[in-house]
Amino acid sequence: MLATALPISPASAITIRIPRSRNPYRVCALELIEAGVGAETAAAACADALRPRDISKCALQINRKTNISGVEALSSCRRVRRPAELATCVVNINGKSRTQPAAPLVVLDGCRRSLLPQQFSECVVGLSGRLDFPTDRLIATCLDPRDSVSQLDGRPAPTPPVELIPPPSPLN
């Protein structure tokens, strides 16, 4: 009854406060600047992103857990469909590979080029546990196993069959 007795103005009746830190564009800019990206580049990247937090998390995670600059990480994070998987891929290969390490940018590029970065990192890390090949060789193998089969076992890579397509018949 007390609630009905107190007058409530319409403006204060429905007040929803959204903390400023929850704005995805604000958080994106803060994280990119923390990763060492310049303000202009961070603003452009965040404004251009469909999901700005995904881009900034990707760049920040790669920058924090590897020797890759925030600018280089951001460039790759912006060019993939799955930025979170890209970051996981780069961090996993850099941290869990048991063979001779590859240059961080080779790992970043391999993860970026893969359509399924998480599966790709599992391939590289899994093979590194059983094979004594340098990581850059495993990256090439996992990206395109057909091209690298000959490098791994000495046999030539199989060639796919060539299909001959007859030319179209002329119209009379």
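## Second largest pocket

Helix α8, residues 104-113, gives the largest share of the lining of the second largest pocket: three residues. The model is predicted. This pocket has a volume of about 180 Å³.

Its lining falls in two parts of the numbering. R79, V80, R81 and R82 are among the lining residues. C111, R112, R113, S114, L115 and P117 also line the second largest pocket. By class, the lining has five charged residues, four nonpolar and one polar.

## Largest pocket

The largest pocket holds about 250 Å³ of space. It is lined by 15 residues, and the closest to its centre are L50, R51, I55, V80 and P83. The largest share, three residues, comes from α7.

The class make-up of the largest pocket is eight nonpolar residues and seven charged ones, with no polar residues. V80 is on both lists: it is among the residues closest to the centre of the largest pocket, and it also lines the second largest pocket.

R78 sits in the loop between α6 (70-77) and α7. Its relative accessibility is 39%, so R78 counts as partly exposed.

Leaving out residues up to four places away in sequence, R78 touches A44, A45, D48 and I55. With D48 there is also a polar contact between side chains, at 3.2 Å. I55, another residue that R78 touches, is among the residues closest to the centre of the largest pocket.

R78 and S56 are 22 residues apart along the chain. Their C-alpha atoms are separated by 9.3 Å.

## The chain as a whole

The secondary structure comes to eleven helices and zero strands. Read along the sequence, the pattern is α-α-α-α-α-α-α-α-α-α-α.

The protein chain has 172 residues, of which 31% count as buried. Among contacts between residues at least 6 apart in sequence, 60% join residues at least 24 apart.

Key. Residues are numbered from 1 along each chain as its sequence is written. This is a predicted model: local features need pLDDT of at least 70, side-chain atom pairs count only at pLDDT 80 or more; totals for chains, interfaces and linings use all residues. Side-chain values use heavy atoms; hydrogens and water are left out. On a 1 Å grid over the protein atoms alone, a cavity is a set of points where a 1.4 Å probe fits but cannot get out, and a pocket is an open set with protein on both sides within 12 Å along at least five of seven lines; lining residues have an atom within 4 Å of a point. Grid points are joined across faces, edges and corners, and a volume is the space filled by probe spheres set on the points. Helices (H or I, at least four residues) and strands (E, at least two) are DSSP runs, numbered from the N terminus. Ala, Val, Leu, Ile, Met, Phe, Trp, Tyr, Cys and Pro count as nonpolar, Asp, Glu, Lys and Arg as charged, and the others, Gly among them, as polar. Buried means under 20% relative accessible area, exposed over 50%, partly exposed in between (1.4 Å probe, protein chains only). Contact means heavy atoms within 4.5 Å. A polar contact is a pair of N or O atoms within 3.5 Å; within protein, one must be able to donate a hydrogen and the other to accept it, and residues adjacent in sequence count only if both atoms are side-chain atoms.
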